[in-house]
Amino acid sequence: MCHTTPLEIVGKNYPLGAITKDLALNIKSLHQGKSMDIDDIKIAIVGLGYVGLPLAVEFSKVKNVVGFDINSVRVHELRQGIDSTLEMDSSSLNQLDNLYFTDQQADLSDCNVFIVTVPTPVDSNNQPNLVPLEHASRLVGDMIKRNSVIIYESTVYPGATEEICVPILEAASSLKFNLDFYVGYSPERINPGDKTHRLPDIIKVTSGSTLDIAKFVDALYSLVITAGTFPVSSIMVAEASKVIENTQRDINIALINELAMIFNMLDIDTEEVLLAAGSKWNFLPFRPGLVGGHCIGVDPYYLTHKAQSLGYNPEIILSGRRINDGMSQYVTSQLIKTLLKKKIDITRSKVLIMGFSFKENCPDIRNTKVADIYHQLREYGIEVDVFDPWVDRIEAVNLYDVSLVTDLDREKYSAVIVAVAHDQFKDIGIDEISKCCLANHVIYDLKYTFPLSNNILRL
């Protein structure tokens, strides 16, 4: 599959993969390609999760949008103004005259721009699971017409869009890539639960399969992204830029997790060390902890998969993944050791885990590593309760076989693990949490939610 050739814009030749401010400004200043007029588009957003729904809402402010999802329950809820991800409030959803939610493929027939925002998880062997992306490509391929543009936002390894998705589109549509239809890639940068960095406020990387389409994709996103766009010279560059964003974070967190284990052996407080080191201007402010969710704990495996297919073994990336994937076992072992040191019978112990989502102030439980701690403690014969007011109780049971409690009992637990730093937990306070414990107990604060004291164990 061929990729975008070197760009020649306003008399300047930019090599493949190069990008400068000059290039970005010049792309944005040029008129749109002949293949599609931006005034004549109708947009379909395929996938209405944490990424797709905010995108559909923003585009519906300037264009007619069809929001499609195969989950009929999700579609029904959105029609009622209910967003289970809590990214959008009911008042916002109920005021959208140009957005139609559907689970019927036929409703996409009038659309000519398709933006695919489906999940790209990994399987049990940490290999890319492209099935949702392949299914979405097949569905879109059935609906596209001549001159349609398909834009992918899902995180993939460099090359996947043109190597995996494009052939499916061609087969399903009987149309020819870059002659009859075109493809763009603009990686999502949604941060679930973040009410400060919203979609319009985050710079958007854009790319296209031809120069005209690159300009079109950039202009399209410029309609809704007030922070600005960052055009790049090829789809592969855009794919690579996304996958390394989270790989870099993963490696940095792995370093701090390893330091935390070392400092624990030295019997010094990790947070105090990090605060001291942070007094220097160029020390990066990462903290130890569990690494779950749909991005940081998943995306690096897409890059390592591609690297290994090329015969290269990415040692640093995989080492970081091993450390971070092992943190739930480390937490469990440290808690067991502490209980034994305090002469607490673990077989008769009850443990409370506060927080089940993969991050604070968010209901998202995709790839939450708190579930691993729960099941590991259960293997020791320990009775475990999980409390998280953010999380849907039915979803927790269906995905992880974990039943959440809705109230906190007093004088019940030998240990409490504060696994997620929800604001509600800070409001409850350490004194009230301590009242849930027996006289001889330990509180394991994974997120530095509370000040250090005699009964608090920390990473």
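**Close-up views of a predicted model**

**View 1. Cys436, a buried cysteine.** Cys436 has a relative accessible area of 5%, so it counts as buried (buried means under 20% relative accessible area, exposed over 50%, partly exposed in between, with a 1.4 Å probe and protein chains only). Cys436 is in no disulfide, and the nearest cysteine sulfur, that of Cys437, sits 6.3 Å away (a disulfide here is a pair of cysteine sulfur atoms within 2.5 Å). This is a predicted model: local features need pLDDT of at least 70, side-chain atom pairs count only at pLDDT 80 or more, and totals for chains, interfaces and linings use all residues. Residues are numbered from 1 along each chain as its sequence is written, and side-chain values use heavy atoms, with hydrogens and water left out.

View 2. Look through the whole structure and you get zero disulfides. For Cys295, the nearest cysteine sulfur belongs to Cys362, 11 Å away. Cys295 is buried too, at 10% relative accessibility.

**View 3. The largest nonpolar core.** This core has 40 residues, and Phe114, Val140, Ile150 and Tyr152 have the most contacts inside it (a nonpolar core is a set of buried Ala, Val, Leu, Ile, Met, Phe, Trp, Tyr and Cys residues joined through side-chain atoms within 4.5 Å). Skipping neighbours within four places in sequence, Val140 touches Val46, Phe114, Val116, Ile150 and Leu169 (contact means heavy atoms within 4.5 Å).
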